[in-house]
Amino acid sequence: MMESQPLQDPTSEGHGAAADAAASGAPPTVVPGKEFTKTCKGLVVVLLGGYALLHFVPASIDYLTIVPAKTIPFVWTVFTAGYIEQVLPGAIGSSLGLLFCGKDIEPVWGRKEFLKFIILINSICGVLAFCIAVAIYYVTGKESFLVTPLSGFHGALAGFLVALKQLLPHLELPMCFFWKIKAKWMPFFVMCFSTIMAFIVPDSINFLPTLLSGMYISWLYLRYFQRNPLTGLKGDASDDFSFPSLFPDAMRPVTDPVANVFHRMLCASSKPSELSLPVIDPTKASRRRERGERVLEERLAADHAADTEAPAHSAED
């Protein structure tokens with residue numbers, strides 16, 4: 001495999017060009033990665049090591065995964081559960097997803113932001129998984145929701161799909177054999193597939209809250225809070241990354257009101273310049289454009305006059 005290109009320093013010319021492109025309305029260029037990164041390989045060791053630890057020391061499950069009935073004394077489990085896979089297929093699947101998604105995301109974000117994203121999503125998903133399990137227990141009265149261990153890297157994987165939609169929306173991701181799907185539709189596809197499987201395979205319903213919360217929390221972070229490494233701006237206010245863009249256009253009557261509510265909630269305490277690209281008044285922009293055109297015409301006229309006079313002087317000499 002070829003070596004992937006490292007993330008450029010924010011002060012480098014490449015970053016400046018990306019920022020200029022963003023300011024002018026053109027999206028920064030992002031290319032797919034070519035090799036698995038060292039960070040992803042290290043995290044794969046963590047995932048496989050967590051599975052091996054549970055396999056050889058079964059008693060450790062109470063101290064590493066979220067068991068809602070025991071989470072209050074073992075609070076740290078909401079932070080460790082995201083890196084613990086309980087079954088071998090889950091460990092292998094999470095490892096492959098981490099490697100293939102990470103090679104496209106980390107070179108753009110950088111190692112620090114990539115790890116920050118994983119820790120943030122896994123931690124919030126852990127807290128939400130605990131709260132949802134307890135809430136379902138109080139609603140249904142089934143004690144199984146309090147004693148079932150909850151863990152897995154699928155919350156972060158769901159977040160990676162949202163990140164790929166933002167960075168490489170037209171990247172075709174292989175699903176099976178000859179079938180491929182564009183990255184911009186992958187979050188919606190996984191959302192629908194996971195929901196259907198939750199009704200077909202009862203045990204898989206334990207993964208659904210973490211999966212859905214991972215998608216939504218990652219979108220909130222990337223949309224409103226992440227300091228974009230490519231543009232230097234806070235968040236991503238483009239229409240292509242709005243909440244309704246996660247769903248087909250036919251669902252906009254439902255998704256638009258939801259998007260408006262959260263937009264008002266999250267933008268109320270933020271400066272507009274931090275959440276979107278600079279907005280220029282159309283009148284001022286038109287005046288500046290006209291002044292620029294006049295200056296350009298004057299320079300061209302002066303250059304043409306100079307070129308005309310030069311041969312005349314040469315003939316006189």
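1. Overall confidence. The chain has a mean pLDDT of 78, with 73% of its residues at 70 or more. Helix α2 (residues 38–56) carries the highest confidence, at a mean of 94, whereas helix α12 (residues 272–275) has the lowest, at 42.

2. Where pLDDT is low, the predicted coordinates should not be read in detail.

3. Largest pocket. This pocket holds about 1400 Å³ of space. It is lined by 48 residues, of which Gly93, Ser94, His154, Leu157 and Leu211 are closest to its centre.

4. Composition of the lining. Helices α5 (88–109), α6 (111–140), α8 (154–167), α9 (186–200) and α10 (208–225), together with strand β1 (172–176), each contribute at least two lining residues. The greatest contribution is that of α5, with 10 residues. By class, 27 of the lining residues are nonpolar, 16 polar and five charged.

5. Largest nonpolar core. This core comprises 48 residues, and the members touching the most others are Leu98, Ile105, Trp109, Phe114, Phe153 and Phe160. Two or more residues come from each of α2, α5, α6, α8, α9 and α10. Helix α8 provides the largest share, nine residues.

Terms used:
Residues are numbered from 1 along each chain as its sequence is written. This is a predicted model: local features need pLDDT of at least 70, side-chain atom pairs count only at pLDDT 80 or more; totals for chains, interfaces and linings use all residues. Side-chain values use heavy atoms; hydrogens and water are left out. On a 1 Å grid over the protein atoms alone, a cavity is a set of points where a 1.4 Å probe fits but cannot get out, and a pocket is an open set with protein on both sides within 12 Å along at least five of seven lines; lining residues have an atom within 4 Å of a point. Grid points are joined across faces, edges and corners, and a volume is the space filled by probe spheres set on the points. Helices (H or I, at least four residues) and strands (E, at least two) are DSSP runs, numbered from the N terminus. Ala, Val, Leu, Ile, Met, Phe, Trp, Tyr, Cys and Pro count as nonpolar, Asp, Glu, Lys and Arg as charged, and the others, Gly among them, as polar. pLDDT is the predictor's confidence in each residue, from 0 to 100. A nonpolar core is a set of buried Ala, Val, Leu, Ile, Met, Phe, Trp, Tyr and Cys residues joined through side-chain atoms within 4.5 Å. Buried means under 20% relative accessible area, exposed over 50%, partly exposed in between (1.4 Å probe, protein chains only).
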